[in-house]
Amino acid sequence: MTKKKNPKEEQLKQSYVDDKDATMTTNEGVPIHEDNFTLKAGERGPSLMQDFRFQEKLMHFDRERIPERVVHARGTAAHGVFTCTKNMSKYTAASFLSKKGKETPVFLRISTVQGSKGSADTVRDPHGFAVKFYTDEGNFDIPGLTHPVFFIQDAIKFPDIIHAVKPEPKNEVPQGQSAHNNFWDFVANNPETLHNVFWTMSDRAIPRSYRMVDGFGLHTYKFVTEDEEVFFVKFHFKPELGVHSLVWDEAQKLQGRDPDFHRKDLEEAIQKGDYPRWTFGVQIIPEKDEFMFDFDILDPTKLWPEELVPVTECGTLELNRTVENFFAENEQAAFHPGNLVRGIEASNDPLLQGRMFSYTDTQMYRLNGPNFQDLPINRPLVDVHNNQRDGSHQHRIHTSRTNYTNNSLTDNAPKECPFHSGGYKEVEAALEGFVTKARPEKFLDFYTQPRMFYNSLTEPEQQHMKDAIKFELTKCDEVSVRQQVINLLDRVDSDIAKEIGDYLGLKVQKGGNEKNKDNHEAIGTGDGERKDYDYKGKSVEKSKALSQENTPKKPNTLKVGVMILDNYDKDEVIPVLKEMEDAGMYLELVSNHLGDMDMGKKDKMMIAESFTTTDAVLYDALYVAGVKNLEPELMGRLKGFIDDTYTHFKPLILASDFHDLLEKERHDEPGILLGDKEGKYKDDVVELVTQMRFWDRDQSK
C-alpha cells in the first residue's frame with residue numbers, strides 16, 4: 001500500500017539541507033579552503049581583521065540562540081495528520097471540517113509553562129497543548145492547555161500570574177515549580193485562580209506521557225456556517241491511550257534520573273510506529289442559548305460540563321513523524337490564537353481577546369521581525385499574496401509594481417475575496433453597554449467549579465490533590481500566605497481546608513482575608529454557597545469526564561522493566577514475555593551486563609540497561625524474571641526497584657523462584673502477581689499491567 005504524500009512534509013523537504021558529501025562554503029556560497037585556523041600574520045602572529053570567514057562563523061554562532069519563550073519554553077513537538085470523521089458543515093464553513101475522510105497536515109507542540117528550556121519534563125505543570133493545522137484555506141492554530149481552564153479571566157492580568165509563578169526575582173528559584181511564596185500569595189489574593197490550581201495540584205499536572213494527556217482549546221470560539229449562523233464552541237482532544245499520570249514521588253525522581261523523559265517517550269513511540277492519536281471534538285452551544293447556563297460561557301476559568309454540553313466527535317489527530325531539526329521546527333514554531341480560518345471566529349472571551357494581540361507581539365520579538373510566518377515550519381501550504389513588504393528576513397522577492405490596496409496599475413491585485421467565495425469575514429454582531437473596566441456577574445463565581453472538580457475525583461485522586469497542596473505550601477515560608485490559602489480553600493470545601501490546615505498547624509479564620517476583601521467578592525456567601533439562580537443549564541455536582549479513573553486503559557506501549565540474568569528459566573519466562581510483547585508492550589531487559597540475551601530458538605534480545613544505569617521509575621511495571629546468583633550490591637539495587645514499584649502502586653510480577661524478594665505480607669496485595677513454574681500466570685499478566693496503578697494497595701506493609 002503506497003503511503004499518501006503529506007503536503008506539509010513535501011513543502012518542508014524543500015527547506016531540508018543534507019550536508020553529506022557537500023563542499024563547505026560561506027553563507028554567500030563561496031567554497032572554503034580552510035576551516036580550522038584563523039588568518040594570522042605569521043604562524044604565531046596576531047589574527048587579521050580581514051578574515052571574513054572567521055567573522056561570519058563567529059557572528060552566526062553568537063546569534064544561534066533566540067530568546068526562549070517567556071512561558072512554554074520547555075517543549076517538544078511532532079508532525080502528523082488530522083482526518084475529518086464527520087462533516088461539520090452544519091456548524092461551520094471551515095473547509096478542513098467539511099468532508100468525512102479529508103486529511104490536513106498538523107504540527108503539535110506540548111510544553112511546560114513555568115520552567116526554562118533547561119528544566120525537567122516531569123515537573124508539576126498545567127502544560128501547553130498547541131496544534132497548527134495547515135489547512136487548504138490557510139493556517140489554523142489552537143494554542144491550548146492540557147487543562148480546560150486558565151488561571152485568570154482577563155488578559156491584562158497575564159503578566160501578573162506569570163510573574164507570580166515564575167522563580168522569585170530575588171534569587172531566581174525555584175525552577176519549574178509553583179511551590180513558593182509569590183505564586184501562592186497570588187492565588188490567595190486572586191480567587192479566580194482556584195479552578196486551575198485544583199487541576200494543577202491534581203494528577204493531571206504530572207502526566208505519564210505526552211501521549212496520555214487531554215488537549216483543550218481553553219477558550220470559547222465561534223463556529224460560523226455558510227449561512228452565517230453562529231455557534232459557540234470549545235475544542236477537545238481526547239487521547240486514544242487514555243489520560244494517565246505519574247505519582248509525585250515518581251515524577252520527582254524522574255527529574256534527576258531522566259529529565260527528558262517525556263520527549264524521549266514521544267519520539268520512541270513514533271519511531272516504533274505506535275503513532276499517538278487523539279479524538280478531536282467540539283462542545284457546541286447555539287448562539288440563542290448563550291445565557292442559559294449558571295456560568296458564563298466566555299469565562300476562561302470555567303469549563304462546560306459534558307453532562308450539559310456533550311462533545312461532538314469530528315476527527316482524529318495522529319502524530320507520525322518527529323522533527324528533523326529541533327531548533328528550526330520546535331523552537332521556531334509560532335502559534336497564535338488569531339490564526340483563524342473561514343468559519344471560525346474569536347469570541348469575546350476577555351483572555352482570548354488579549355492573546356490575539358500578545359501572541360503577534362511575542363513572535364515579532366522572539367523571531368526578530370514581521371516575516372516569521374515565512375519560516376518553513378510556520379509557512380502555510382496555500383499561496384500568500386498581500387501588500388505587506390520588506391522587514392527583517394524577507395524571504396520573498398516581490399515583483400509587483402504596486403504594494404497598496406485600491407490601485408489601477410495592477411487592476412487592484414491582489415483582489416479581495418467575498419465570504420461565499422471562500423474569503424474570511426467576521427459575522428456582524430450587535431453590541432451594547434457602557435465603556436467599562438469590570439467583569440460580568442457570573443464571572444464572580446470562583447468556587448462552584450473548583451468544588452465540582454474536586455467532587456468528581458475518586459478518593460485517591462482527591463488525596464493526591466490535597467497532598468500536592470500540602471507539599472507546595474510547605475515550601476512557602478510566609479505563614480501569612482499559608483493562612484490566606486487555608487481561608488480561601490474553606491470557601492470551596494471545609495474538609496479540604498481543615499485537613500491541610502491541620503497539617504500546617506493552622507485553623508480557618510472566617511473572614512480572615514478581609515485585608516483584600518475586594519479580591520474575594522463573589523456570587524455566594526462567605527462559606528462558598530451559591531445563590532439560587534433559575535437557569536436551565538445548572539452546574540452539575542460531579543462530572544464523569546473529570547476523573548482519570550473513567551479513562552481508557554490499553555496495554556500497547558506500556559513499558560515493562562524485565563530483570564533478567566543469563567541463567568533464567570527459559571521455559572517459564574519466554575511465554576510470559578511473548579504474551580506481553582504480543583499485546584504491544586515495550587520490554588526493556590535489565591541485567592548485570594549489556595549485549596544480547598539468548599531468548600531460545602536462536603532468537604536474541606538486546607539488553608538495554610544494567611541495574612546501575614536504570615531505575616524503576618522509568619517503567620510502568622516490573623517483571624523479576626530471573627536473577628539467580630546476582631551480586632549482593634546489585635541485589636540491593638534490585639530490591640530498591642521492587643520497593644519503588646510497590647510504593648508507586650505499579651504492577652509487580654515475580655517469577656516462581658523469586659517470591660521471597662518481596663516481603664511475605666505484601667504477597668496478597670493488589671497488583672502483585674506471583675509466578676509458577678508452569679508459567680500459567682502468562683494468562684493474567686497483560687490484564688495486570690494494563691491496570692497500571694493499584695491505589696488500594698496497603699502502603700503500611
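**Phe183**

I started at Phe183, which sits in helix α4, residues 181-189. The model is a predicted one, so I take everything here as computed from it. Is Phe183 buried or exposed? I get 1% relative accessibility for Phe183, so I put this residue down as buried, the cut-off being under 20%.

Next I looked up what Phe183 touches. Leaving out residues up to four places away in sequence, I list Phe151, Ile161, Ala164, Val165, Ser178 and Val197. One of these, Ala164, is 19 residues from Phe183 along the chain, and I noted 4.8 Å between the two C-alpha atoms.

**Asn320**

I moved on to Asn320, and found this residue in strand β9, which runs over 311-322. Which residues does Asn320 contact once neighbours within four places in sequence are set aside? I wrote down His79, Gly80, Val81, Ile270 and Tyr275.

**Whole chain**

I count 16 helices and 17 strands. The C-alpha atoms take up a box of roughly 90 × 80 × 60 Å along the principal axes.

Of the 701 residues, 53% are buried. I put the accessible surface at about 33600 Å², and carbon and sulfur atoms own 50% of that. For contacts between residues at least 6 apart in sequence, 73% link residues at least 24 apart.

The largest cavity holds about 160 Å³. Its lining has 19 residues, and I marked Pro148, Phe216, His236, Leu303 and Glu306 as the closest to its centre. Which element gives the largest share of that lining? That would be strand β7, residues 230-239, with four residues. Sorted by class, the lining of the largest cavity has 10 nonpolar, four polar and five charged residues.

The second largest cavity comes in at about 70 Å³. I listed its lining as Asn567, Tyr568, Asp569, Glu572, Val573, Ala625, Gly626, Lys628, Ala655, Ser656, Asp657 and Phe658. Helix α14 (570-582) and strand β15 (621-626) each put in at least two of the lining residues. By class I have five nonpolar, three polar and four charged residues around the second largest cavity.

**Second largest pocket**

Last, I went to the second largest pocket, where I noted about 1600 Å³ of space. I count 38 residues in the lining, and those nearest the centre are His60, Asn325, Phe327, Ala328 and Gln332. Which elements give two or more residues to this lining? I found α2 (52-62), α8 (326-331) and α9 (350-366). Of the elements, α2 contributes the most, five residues. The lining of the second largest pocket splits into 15 nonpolar, 13 polar and 10 charged residues.

Notes:
Residues are numbered from 1 along each chain as its sequence is written. This is a predicted model: local features need pLDDT of at least 70, side-chain atom pairs count only at pLDDT 80 or more; totals for chains, interfaces and linings use all residues. Side-chain values use heavy atoms; hydrogens and water are left out. On a 1 Å grid over the protein atoms alone, a cavity is a set of points where a 1.4 Å probe fits but cannot get out, and a pocket is an open set with protein on both sides within 12 Å along at least five of seven lines; lining residues have an atom within 4 Å of a point. Grid points are joined across faces, edges and corners, and a volume is the space filled by probe spheres set on the points. Ala, Val, Leu, Ile, Met, Phe, Trp, Tyr, Cys and Pro count as nonpolar, Asp, Glu, Lys and Arg as charged, and the others, Gly among them, as polar. Buried means under 20% relative accessible area, exposed over 50%, partly exposed in between (1.4 Å probe, protein chains only). Contact means heavy atoms within 4.5 Å. Accessible areas come from the Shrake-Rupley method with a 1.4 Å probe; for residues, only the protein chains shown count as cover.
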